[in-house]
Amino acid sequence: MLISKLPPHVDIVIVGGGPVGALLAQRLYASGHDALLVEAKSSIGNDPRALAIAYASQQSLAASQLWADSLAATPITQVHVSQAGTLGRTVLNADELNLPMLGSVVKYQNLAQYALDQLSSGPARLALASKVTRIQRLARFAQLTLATPSGEQKISCRLVILADGGQLLNQLPEIRQTIKSYEQHAVLATLTPKQPHKGIAFERFADDGPLALLPTGNDYTLVWTQTPEQAAARLTLSDTDFIAEVEQRFADRVAGFAAVTGRASWPLALKTVNSVVGQRVVLIGNAAQTLHPVAGQGLNLGLRDASTLADVLAATPARELGEAASLARYAKLRSRDAGLVTVVTDQLITLFDSSSLPLKHARSLGLLAMDQCAWLRRGFAERMVYGAR
């Protein structure tokens, strides 16, 4: 339900109306909590990113009316993982997990806009084009100052949940963010394959950076990790030369590409915080951790943050919202999954970034071992779909 004037008080304010914040808002309304979602934008602008949504995440979104056929998501039934220059490879299959798919690829702007539209037309309360400019926290409540279309407004609450990507961290002195630059850029492009992709995604560890191909409609979305200098050079190549560079690194694993469009790049960094909870505040999604895209886990991790927090708050009486004990329960529940996924994603970049010949052979043996051991392969695939349970 779209509102134009803020109420003087609600129990919970969610800052950030992306898919993570939207999922939490829907879940909190369903559990009977007095909550309001605040989003600085009035609509989602053009965003070229395509996201791999794990099957479990897709089910969570669907259960909260945030997933629909109109999103035109493309199922991933198989993921082919390989290392260039070696025999190392393995294939993850949905059939091994008795699932219809490992996940789906969806355009971020489609998913985010659909989530805002569902909130606007549904019963959960939503304030658009309203930016939080100040957070003040006292022992029993917090007060937010917002710039809204109607002018500056204030609202008090028991608990503030930041799903805003970390834009307000500078107002939380007890929470410190650490940024590790990978000194890499992600090159994004849309590639039209010469033959149908059949729902197969690829993760290819080339000598000059990993490449991912995500089936998106009839095309592939390419995410190619490069040094800043390499990324700049790739963007200036002709379409023919760019396609040739990509085809060379996949070594005939795909039949080739007929066209490329939409090339862009952005810098990559790992962002973590010393704590995901503070005085009357919780951080979820990219506010809590921003990951390298190599394993496609960033949004999935954030959606699991939202689901777990919704479960904790559903069992928390209104008078205890924002209290330290309740927040500590959430932090403990999320520590294993978030910590493990963050470390594994970071180590993948470190492990496959080295050009050491012994390490290259060790990586190859690891992929071959996974390919030969069904239990190891299934375990890895389950972590990708469900997280660390």
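**Exercise 1. Determine whether strand β16 is enclosed or open, and find its partner strands**.

Step 1. Count the buried residues, where buried means under 20% relative accessible area, exposed over 50%, and partly exposed in between (1.4 Å probe, protein chains only). Seven of the eight residues of β16 are buried, so the strand is largely enclosed by the rest of the structure. Strands (E, at least two residues) and helices (H or I, at least four) are DSSP runs, numbered from the N terminus.

Step 2. Note the basis of these values. This is a predicted model, in which local features need pLDDT of at least 70 and side-chain atom pairs count only at pLDDT 80 or more, while totals for chains, interfaces and linings use all residues. Residues are numbered from 1 along each chain as its sequence is written, and side-chain values use heavy atoms, with hydrogens and water left out.

Step 3. List the partners; two strands pair if DSSP finds at least two bridges between them. Strand β13 (residues 177-193) runs antiparallel to β16 and is joined to it by seven bridges; Thr-190 has Thr-221 in β16 as its bridge partner. Strand β15 (residues 209-216) is also antiparallel to β16, over six bridges, and Leu-211 stands opposite Trp-224 in β16.

Step 4. Look at the turn. Two residues separate β15 and β16 in a hairpin, and Gly-217 in the turn has a positive phi of about 65 degrees.

**Exercise 2. Classify the ring pair of Tyr-220 and Phe-257**.

Step 1. Apply the rule: rings of Phe, Tyr and Trp (its six-membered ring) pair if their centres lie within 6.5 Å, and planes under 30 degrees apart count as stacked, over 60 as edge-to-face and the rest as tilted. The structure holds four aromatic pairs. In this one the ring centres of Tyr-220 and Phe-257 are 6.5 Å apart and the planes are at 80 degrees, so the pair is edge-to-face.

Step 2. Place the residues. Tyr-220 belongs to β16 (residues 219-226) and Phe-257 to β17 (residues 257-273), so the pair ties together parts that are 37 residues apart in sequence.

Step 3. Check burial. Tyr-220 counts as buried at 3% relative accessibility, and Phe-257 counts as buried at 3% too.

Step 4. Widen the view: Phe-202, Tyr-220, Phe-250 and Phe-257 form one aromatic cluster.

**Exercise 3. Describe helix α1 and what covers it**.

Step 1. Compare the spans. Helix α1 (residues 19-30) has 12 residues and reaches 17 Å from its first C-alpha to its last, close to the expected 16 Å; the expected span is 1.5 Å times one less than the number of residues.

Step 2. Nine of the 12 residues of α1 are buried, among them Leu-23, Leu-24 and Leu-28. The covering elements include β1 (12-15), β2 (35-38) and α6 (298-314).

Step 3. Read on past the helix: just after α1, Gly-32 takes a positive phi of about 90 degrees.

**Exercise 4. Identify the residues with the most contacts inside the largest nonpolar core**.

Step 1. A nonpolar core is a set of buried Ala, Val, Leu, Ile, Met, Phe, Trp, Tyr and Cys residues joined through side-chain atoms within 4.5 Å. The largest has 72 residues, and those with the most contacts inside it include Ile-12, Leu-24 and Leu-162.

Step 2. A second, separate core of 32 residues includes Leu-102 and Leu-348.

Note on methods. Contact = heavy atoms within 4.5 Å.
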